[in-house]
Amino acid sequence: MTMSDLTQRARDVAGRLHKRPNTELAAMRQREKAAAIISELVERIEGLEGTIEGLYYEIQYPRD
C-alpha cells in the first residue's frame, strides 16, 4: 500500500468519524481503524525522515 493510499484511507476514516456513527460499537471500530492507519503513516514518515537525512549526509559528505 502506498503513502497516498494510506493518506486517502486516513481521510476517509476521518470523514466517517466526523459524521459520528449511530452506535458506540461502530464509533469504537472507526477509532481503532483510524488509530491503525495513523500509526502506519507515522511509521512510514519516520522511515522517510531517516532516508532523507541519509541522502542529505551523502550529498554533503560524498564517499570517494
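A nonpolar core is a set of buried Ala, Val, Leu, Ile, Met, Phe, Trp, Tyr and Cys residues joined through side-chain atoms within 4.5 Å; buried here means under 20% relative accessible area, exposed over 50%, and partly exposed in between, with a 1.4 Å probe and protein chains only. The model is predicted, so to speak of local features takes a pLDDT of at least 70, side-chain atom pairs count only at pLDDT 80 or more, and totals for chains, interfaces and linings use all residues. Numbering runs from 1 along each chain as its sequence is written, and side-chain values use heavy atoms, with hydrogens and water left out.

**First stop: the whole chain**

Show the cartoon and you will find 2 helices and 0 strands; these are DSSP runs, numbered from the N terminus (helices: H or I, at least four residues; strands: E, at least two). The radius of gyration is 18 Å, well over the 11 Å that the globule rule gives for 64 residues, so the protein is more spread out than a compact globule. That radius is taken over C-alpha atoms, and the rule is 2.2 Å times the number of residues to the power 0.38. Along the principal axes, the C-alpha atoms fill a box of roughly 65 × 15 × 15 Å. Of the 64 residues, 11% count as buried.

**Second stop: the core**

Now select Leu6, Val13, Ala34, Ile37 and Leu41, which make up the largest nonpolar core. Colour by helix: α1 (3-19) and α2 (24-60) each supply at least two residues of this core, and α2 gives the most, with 3. In soluble globular proteins, nonpolar side chains tend to be buried together.

Next, centre on Ile37. Which residues does Ile37 contact, leaving aside its neighbours within four places in sequence? They are Leu6, Arg9, Ala10 and Val13, where contact means heavy atoms within 4.5 Å.

Pick Ser4, in helix α1. Is Ser4 buried or exposed? At 52% relative accessibility, Ser4 counts as exposed. Draw a C-alpha to C-alpha distance to Glu46: 42 residues away in sequence, Glu46 lies 16 Å from Ser4 in space.

Move along to Gly15, also in helix α1. Gly15 is partly exposed, with a relative accessible area of 30%. Its C-alpha sits 12 Å from that of Ala27, a residue 12 places apart from Gly15 in sequence.
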